[in-house]
Amino acid sequence: MATKIYIAGKITGDPDYKAKFEEAENFYKKKGFTVLSPTWMPIGMQPADYMRICFAMIDTADVVAFLPDFKQSAGAEVEHAYCRYIDKNIRHYEDDRKKAQCDAKISADLLMSMAAPVMLDPVEESKKAIEKDLHKGLYPDFLGGGKQDG
């Protein structure tokens, strides 16, 4: 069964909250999490109603991820305090995202270092070595500078 993650962050007063939460949801879904989000709730309820529902989602979740702006939201700060009080596993989305970028870079670097080395043509390499030695004067007979019989 997938790990359940609740995403917490500023909603009230943020006209772009849906896009911000959707980005985090997509990130965690790609990591295999089942995502719980407060953005799914209907508009028009009282703050206490939202908080009770959010607490239920937090209680259901295995882990809670906080968006970078959570400290700018009274509701998200209450959620953070609640998570700390009940000793819920807390993550920070920005840290997870940066770690994933680093992991991806490390993986790419490892793949590049593990790529098959370029195999040189032994005949061509021998020709180059002989030509190099000829120019150094190691084979004077080939260049007409050696002894002649006769």
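Angles under 35 degrees count as roughly parallel, over 145 as roughly antiparallel, 65 to 115 as roughly perpendicular and the rest as oblique. This is a predicted model: local features need pLDDT of at least 70, side-chain atom pairs need 80 or more, and totals for chains, interfaces and linings use all residues. Residues are numbered from 1 along each chain as its sequence is written, and side-chain values use heavy atoms, without hydrogens and water.

**Sheet.** Helices (H or I, at least four residues) and strands (E, at least two) are DSSP runs, numbered from the N terminus. Here 4 strands form an open sheet, ordered E2-E1-E3-E4, with parallel pairing. Two strands pair if DSSP finds at least two bridges between them. Strands E2 (34–36) and E4 (89–92) each have a single partner strand, so one side of each lacks a neighbour in the sheet. From one strand to the next, the twist averages 30°. Strands E1 and E3 share 4 bridges. Ala-8 has Phe-66 in E3 as its bridge partner.

Contact means heavy atoms within 4.5 Å. Axes are lines fitted to C-alpha atoms, for helices over the stretch in contact, and angles run from 0 to 180 degrees between N-to-C directions.

| Helix | Strands touched or crossed | Angle |
|---|---|---|
| H1 (residues 17–30) | touches E1, E2, E3 and E4 | about 160° with E1 |

**Helix pair.** The axes of H2 (residues 47–60) and H3 come within 11 Å and cross at roughly 40°. H2 and H3 are therefore oblique to each other. Contact residues include Met-51 and Phe-55 of H2, and Val-78 and Tyr-82 of H3.
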